[in-house]
Each structure stands twice: as C-alpha cells, then as structure tokens.
Amino acid sequence: MLLQSRTMPRRLPPGCVEDEDRHGNIRIYFRAKNRPKVRLRGTPWTEQFMAEYEAAKVETRPHKAKEIIAGTWRWLCVKYFAECADFLRLDARTRRVRRAVLEATYDEPIAPGSPKLFRDFPLYRMNADAIEVLRDRKVAVPEGANNRVKAIRQVFKWGARKKGSDGKPLAPSNPAREVSYLRSNNPGGYHTWTAEEVRQFEAHHAIGTKARLALALLLLTGQRRSDVTRFGRQHVRDAKLTFTQFKGRNRKPKRLTLPVLPALQRVLDASSCGDMTYLVTEHGKPFTDAGFGNWFGDRCKEAGVPGRAHGLRKAGASIAAENGATAHQLMAIFGWDTLKMAEAYTRGADQKRLAESAMHMLTSEEQNESETCPTEEASGTLSVKRLAKTTSNFDDGAQERTRTSTTFAAGT
C-alpha cells in the first residue's frame, strides 16, 4: 500500500490550489509567495495544463527591483509620493490617479527607438522640451496629455521648493511651467442639461422614485455627486442644509449652509430615503461616488436624455445666472473660491440679456415700422412692450452685477 502511494501522481502539481467560485465551479490557480495567483485552465497533468503551469512559475518568479538612481526623474517622483504633504493630503482616489499618470512616464523612451527611458533621465536635463515630448506622446487624447503636464508641474513645483540633505533643492527649477496645455477635444466639459431635458427626465421618473430624488438633490442644491451621495437628515436643521464639501475637504475645507428649497422638500417628503443618506442602493447601503454616477447614467438613458450628474450642477449655475444671480452669489451657492468660474456663467447670462435688449438696433426705424418686411413675422421681432420689459429686467440685474457687467463689457 505504501509503495502504491509513492508511485501514484499527486492530484495537483506543487504550488497549485483549488478555489470554488460563487457558482460552485472549481478553478485551479498557481500561487507563489508575494505574487498574484495565476489561473490555470484544462485538466491537471495534461500537456496544455503543464505548459500553462510552467509559464506561470516563470511569470510569478520575483524579479529584483531595478535600483533607483538619485537625481533622476523617477527618483524625484518616488520622493514626491512619500514626502510631499500636499500629495499625501489628497483624496485616496486622486492620489491613485496622479500616481498612475506619473508612473506611466517612467517607461517612455526619451526619443523614438531609444533604449534610454525617462525613468533614469537626469533632472538637470528635464527641460521644457523634454516635458513636451512626454506631453505629445498623448496628443491623440489631449485631456490625458494635459493631465500629464499638470502632474509633472506639481512634482517639479514641490521639488524646486524641497531641499535635500545638502541644503540644495531636489530639482533645479520647474520647467513644466513653460509647457502649455493642448486644446481639449471637449472644451465645454460635461454636457449642460437644458430645461427640456430636465422636464423629459421628470416625465419619465415621477416624484417618489429614487431617480427623481437624485435629480432634485443634484439640481436644487447645485452640489457635486460626491456631496449628494452623503446628504442625509442629519445635515438639515431649521430648513437649512449644512455640510462640508467633499472635494478639497483635506486641503481647503469649504463649509456651506444652503436653504432647502420648497421644491426639494416636496420631493424628499414623497420619497423613501435611507437612514444616514437620502440616496441608498437596492441593498439599503449608501452609494459610492462611482457607483452613483453609473446608476444615474442608466436612469438618464432610460429617460432618453444625454446628461449626467455633473451636468446638472452646470445647469443649476446657468439657471441661477440667467435669473440674475451675481458672481459672488454663485460662489456662495456652489462653493467656488475664485470669481473665474462664477463669471463664466454670469458673462453668458449677460450676453443673452445684452443681445436681446440690443438686437432691434440692427435694423433701421423704417424697417421696424414696415408692414411688408418679409422677415418680421418669421423672426419674431421684439415688440416695444417686450423690449421695454427685457431692458428693465436687465437693468435690475446689472445693478447687482456691476463687476461682472464691467468685465463683460471690457471683453468686447
């Protein structure tokens, strides 16, 4: 019996294990210490199986890490990941994305066909031309190219300020400041919802549905999905919503207090909400930001609208600006720190008002009074009554937006 057990083959080769998946199927993997497991297909000990087994042993064999050379691009990035306070205080997802962007530059050749890679490129040779090479490798995806430049700028900004043990800065300068961004294929960013699209969504998703609750929270608070997924009853007191915006909470926390609009309260009262968050998944748990974005995108497709969650924030800013909100009022609602973003919306609203109040000046008095003008009825020429009302409304808004109106006028 002992002799027979010695001559019989083992059930699986060394290092192989059986795992049962959630459907009850048995899968075989090769596992090695400190390495990811590798799936092996086929019947154990067959020719196909053993070929995959031998390949897995080679692939999972630990490789000696290549030494990091001091004073090189990779060396500076590694120190940035470990020591830069601004980087370490970023949100975990932001850190992960930025790190991936920078690490992707390591294996870029310094020139087409060159065996030399940017990982070992000396910092004193990392000038604007070298960074443009890294940028232009992503020319097919301008947003990716610009993200690469942004990340490189942050590394050099920190390196030029941080001093080493010798008292000298880790990087001689920040050459990335001289590298311009590429023109985006989508300069407008996320699609801004129109009033018609909002009505179409509301017609498809009635009050009381989770989709309608999500729309109301996004549109009637003007906040990002990362805030909306965290809103709950604990944030409301005396009909006011008080919270700290999730974005930038570690570096520049922004605490806002917003009134809960009656329209939003009506939707909340008619909806089934979670305990700590208004919006919950089918399993009664809070949404993750990405999970909510995907879920809401599906609800948009069901309603036949092209918008997504962030487009409602933009729509809210546009509506508020067109209703007469000043740049500073928009900053208070949306949590912006500078006038740049707010004025982009107020300039657009002012342009519409100015054009509407002045379009009649393109025609002479005789043309306006002519009964035979072929385009008068089709074009909907402004009546005197409507024009007076439009001008009056604009004047009222202009008094509140002296700075914005002046900025727009100067731009023309």
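This is a predicted model: local features need pLDDT of at least 70, side-chain atom pairs count only at pLDDT 80 or more; totals for chains, interfaces and linings use all residues.
Local features are taken at pLDDT of at least 70 and side-chain atom pairs at pLDDT 80 or more, while totals for chains, interfaces and linings use all residues. Residue numbers start from 1 along each chain as its sequence is written, and side-chain values use heavy atoms, with hydrogens and water left out.

The largest nonpolar core holds 34 residues. A core here is a set of buried Ala, Val, Leu, Ile, Met, Phe, Trp, Tyr and Cys residues joined through side-chain atoms within 4.5 Å; buried means under 20% relative accessible area, exposed over 50% and partly exposed in between, with a 1.4 Å probe and protein chains only. Trp 193, Phe 201, Leu 217, Phe 292 and Phe 296 touch the most other members. Among the elements that each supply at least two residues are helix 8 (195–204), helix 9 (210–221), strand 5 (240–244) and helix 12 (289–303). Helices (H or I, at least four residues) and strands (E, at least two) are DSSP runs, numbered from the N terminus. Helix 9 gives the largest share, eight residues.

Trp 193 is in contact (heavy atoms within 4.5 Å) with residues including Phe 201, Leu 215, Phe 296 and Arg 308, leaving aside residues up to four places away in sequence. A second, separate core of 29 residues includes Cys 84, Leu 102, Met 126 and Ala 151.

Helix 9 and helix 12 pack at about 110°, with axes 11 Å apart. The axes are lines fitted to C-alpha atoms, for helices over the stretch in contact, and angles run from 0 to 180 degrees between N-to-C directions. The pair is therefore roughly perpendicular, a label for 65 to 115 degrees (under 35 is roughly parallel, over 145 roughly antiparallel, the rest oblique). Lys 210, Ala 211, Ala 214, Leu 215 and Leu 218 of helix 9 meet Phe 292, Trp 295, Phe 296 and Arg 299 of helix 12.

Helix 5 (residues 92–103) and helix 7 (residues 142–161) have axes that come within 9 Å and cross at roughly 95°, so these two are also roughly perpendicular to each other. Helix 5 brings Arg 98, Val 101 and Leu 102 to the contact, and helix 7 brings residues including Asn 147, Ala 151 and Val 155.

Arg 119 sits in the loop between helix 5 and helix 6 (128–136). This arginine is buried, because its relative accessible area is 14%. Arg 119 touches Thr 72, Trp 73, Arg 74, Tyr 106 and Asp 107, not counting residues up to four places away in sequence.
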